[in-house]
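My notes are below the structure.

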Amino acid sequence: QPVPHVRWGTHRAATLCKVLLTYSGQRLHKEQVQDWLWPQASVEAAARNLRVALSELRSVLEPERQPRAPSRFIQNGGESLSLGGDGVEIDSQMVLDAAELDPQAPHALKCLQAAVQVYRGPYLPDDLYEDWAQTERQRLLLAHESVQLKLAQAYAHHRQYPEAIQTCRQALVTYPTHEGFVEHLIYYTAQTGQPALALAAYDRLAEVLAADLGASPSPHLASLARQARDGTLESPAPLAVETMVNPGLSRRSNQTMTLTMEGHQLQTNLHRSEQLVGDLITALEEIRLKRVRLQMHALQAETVRARLASI
């Protein structure tokens, strides 16, 4: 059940909880956690902050726990920490697991539908510039892409082509340069006699590639689009859908995703650089003010010496 916001108190417990959730099942060295959460603090201060945050987090997760009783969720062993235990389920893991499913497997459709509902956007959007969240955010983004493609395949496997088409169109809103979704869309619309939907998606893809990357759709996809326009595309059997995305498209999508991630990393680095520049300007201003104060004190001292000399 949801934990009321007021129960979290300071941000320390909530941030520590997010770190432990991100690395659920792994043992994190306490010094690593301290460096992530309090990089500017001394070793002693960071260790003290971690002890307080752990105490607060235990109280939030287990308000009925007796003092000094072991925690059901937080394993605190010497120099390491981890979150886990029986009954702990994390929704992001559902997305990662669904990305590995065979779309033709029994119950795959329900699992993929549930995973798509769980994913609500970038992982921990309030922590976009935190190093400890970057890897998991990118991993979930790629998993979500795979889940949506497999969901479309699962719908097609059950001959639910309108749902497969809608899944591809929705995915292209998030991944506008992913050629795989356009290719699937071309084949699915061939089943329903709606090639205009796929051709409109292809035209948008071409515009985005040209504007953002100075590129054009792959020859394979361009050929499929021409066949769809001419009405010469041969509609494949539903069971062959999972083989339609060629390796070239997968590589192209991965390259585009890599460029997106690198751009995000550059944006993160720029943000941090701006912060460092701001801190440097502040420090220089403090130095200037201290220098002015020292000059004033020197003048006052000189005045006092002159008065003493005249007595």
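**Ground rules.** I am working with a predicted model, where local features need pLDDT of at least 70 and side-chain atom pairs count only at pLDDT 80 or more, while totals for chains, interfaces and linings use all residues. Residues are numbered from 1 along each chain as its sequence is written, and side-chain values use heavy atoms, with hydrogens and water left out.

**Layout.** I counted secondary structure from DSSP runs, numbered from the N terminus: helices are H or I of at least four residues, strands are E of at least two. The protein has 11 helices and three strands. Along the sequence I read α-β-α-α-β-β-α-α-α-α-α-α-α-α. Next I checked burial, with buried meaning under 20% relative accessible area, exposed over 50% and partly exposed in between (1.4 Å probe, protein chains only). Of the 311 residues, 37% are buried. I then looked at contacts, meaning heavy atoms within 4.5 Å. Among those between residues at least 6 apart in sequence, 65% join residues at least 24 apart.

**Core.** I took a nonpolar core as a set of buried Ala, Val, Leu, Ile, Met, Phe, Trp, Tyr and Cys residues joined through side-chain atoms within 4.5 Å. The largest one has 70 residues. Leu16, Leu37, Leu57, Trp132, Val147, Ile186 and Tyr188 have the most contacts inside it. Helix 6 (residues 131-157) gives this core its largest share, 11 residues. Leaving aside neighbours within four places in sequence, it touches Thr15, Lys18, Val19, Thr22, Tyr23, Trp36, Leu37, Leu124 and Asp127.

**Helix 1 on helix 3.** For packing I used axes fitted as lines to C-alpha atoms over the stretch in contact, with angles from 0 to 180 degrees between N-to-C directions. Under 35 degrees counts as roughly parallel, over 145 as roughly antiparallel, 65 to 115 as roughly perpendicular and the rest as oblique. Helix 1 (residues 11-22) and helix 3 (residues 43-61) pack at about 85°, axes 8 Å apart. They are therefore roughly perpendicular. Helix 1 brings Arg12, Ala13, Leu16, Cys17 and Leu20 to meet Asn49, Leu50, Val52, Ala53, Leu54, Glu56 and Leu57 of helix 3. I sorted this contact by class: nine nonpolar, one polar and two charged residues. Here Ala, Val, Leu, Ile, Met, Phe, Trp, Tyr, Cys and Pro count as nonpolar, Asp, Glu, Lys and Arg as charged, and the others, Gly among them, as polar.

**Helix 4 on helix 6.** Helix 4 (residues 91-98) packs on helix 6 at about 50°, with axes 8 Å apart. That pair is therefore oblique. I found Ser92, Val95, Leu96 and Ala98 of helix 4 meeting Glu136, Arg139, Leu140, Ala143, His144, Val147 and Lys150 of helix 6. The classes are six nonpolar, two polar and three charged residues.

**Ser146.** Ser146 is also in helix 6. At 22% relative accessibility, it counts as partly exposed. Its C-alpha atom is 5.5 Å from that of Ala99, 47 residues away along the chain.

**Positive phi.** Most residues other than glycine have a negative phi. I noted His107, with a positive phi of about 70°. His107 sits in the loop between helix 4 and helix 5 (108-118) and is exposed at 62% relative accessible area. Arg159 has a positive phi near 60°. I placed Arg159 in the loop between helix 6 and helix 7 (161-174), where it is exposed at 59%.
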